[in-house]
Amino acid sequence: MNTALKTSEAMSGDELFGSNAFARLDESDDGVFYSRDRFVQHLDSTALATVEDLIGKLVIEERPAILDLMAGWDSHLPASIKPSRVAGLGLNENELKKNTALTEYVIHDLNRDPLLPFADASFDAVINTVSVDYMTRPVDVFREVGRILKPGGLFLVVFSSRMFPQKATQVWRQSGEKERIILVEEFFRYSQLFANPEVFISKGRPRPVEDKYARLGIPSDPIYAVYADRKDANGERKRRPQVTSDHGSPLPAETLKERTAAVKETLRCPHCGEPMRKWEVPNTPFTTWENEFMYICFNDTCSYLLRGWEVMNKQGNRGLSYRLMYDPLRDRCMPVPIPSLDALKDGIVG
Ligand SMILES: C[S@@+](CC[C@H](N)C(=O)[O-])C[C@H]1O[C@@H](n2cnc3c(N)ncnc32)[C@H](O)[C@@H]1O
């Protein structure tokens, strides 16, 4: 079939997002990877409170039936919500059993089978927290979420910057924060079952005082949410309250100084607070570094990188920027020039 004539319903993920977009570094059985219990929080407590607050504001239905899609041991539901039903779908039975918010659970691998084991129009809200990065067939799953939601029901997708990189899809790993937001908006749009998605961002907030990174000035984990209501027959929308994004404030010079001094200890970029990635120094006659590994900030929205495009342009080096690199042998940070966002990424080893 001519692709131009196909509807997005008939198009595969590769056709919509490019070949290998949903490939993963670890293609082994997800059930095996998640069989290890992880009774940890995937976000710091400030970020978790933001997620709870957001859910509390957006789920406005009385006694809602909720599906926690890709659930673990905590569904982050605030006490203000009094659900009639909370189903959890995930891969780790011990975690789901320990989740006190759930009234039922099902073990189901969405990447094997995106069809959800629930009846049409049976939920008021579906919540997916810090897990969309692992969906290899997201448009099929979003379409299924549309099927099981009641007309006007809410699908709330929350994500942050942390992930299990080996299980995250290639397109997710290679995207920056803005691209990830656009990607999730596209999943909603291609499914064709939702009203226009809305976006909420909270970032740059201080970490909780008890957090081990708080004294280094590293901000709380960013929270991004993309959400939309299931279209209903009349095209009517429920009036969910407006939620206001919080983009944080610019980094004070003092904080930058402290963070730079702490790179050795934290291996986080002083400019954006993101973990730096272990990068294998290529074995070519042109590199003079004796190290086997460096650490580089690969955050595509890091302020250091963003400023770099402008600085290099002013110096006549059009189309170049630099990423921040930490040399563990000499314990110092330096810029490493890049001609594109993809440059150097194939050397990432950790
Ligand atoms: C980072 S954890 C997030 C857990 C939980 N949503 C939270 O907010 O704490 C990712 C979750 O996605 C689930 N998951 C990963 N791959 C999955 C798949 N292929 N099918 C269904 N669930 C999956 C795992 O069981 C795991 O609980």
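This is a predicted model: local features need pLDDT of at least 70, side-chain atom pairs count only at pLDDT 80 or more; totals for chains, interfaces and linings use all residues.
Residues are numbered from 1 along each chain as its sequence is written, and side-chain values use heavy atoms, with hydrogens and water left out.

Colleague: How many salt bridges does the count come to?

Modeller: A salt bridge is a side-chain nitrogen of Lys or Arg within 4 Å of a carboxyl oxygen of Asp or Glu. By this rule the count is 19.

Colleague: Is Asn-99 buried or exposed?

Modeller: Buried means under 20% relative accessible area, exposed over 50%, and partly exposed in between (1.4 Å probe, protein chains only). Asn-99 has a relative accessibility of 5%, so Asn-99 counts as buried.

Colleague: With which residue does Lys-57 form a salt bridge?

Modeller: Side chains of opposite charge can pair when their charged atoms come close. Lys-57 is partly exposed, because its relative accessibility is 40%. The closest N and O atoms of the pair are 2.8 Å apart, and the partner of Lys-57 is Asp-53.

Colleague: How many residues apart are Arg-240 and Glu-61?

Modeller: The side chains of Arg-240 and Glu-61 meet in a salt bridge, 3.0 Å from N to O. This pair links distant parts of the chain, and the separation is 179 residues.

Colleague: Is Lys-203 buried or partly exposed?

Modeller: Lys-203 meets Glu-177 in a salt bridge of 2.7 Å, N to O. Glu-177 is buried, because its relative accessibility is 16%. With a relative accessible area of 24%, Lys-203 is partly exposed.

Notes: Helices (H or I, at least four residues) and strands (E, at least two) are DSSP runs, numbered from the N terminus.
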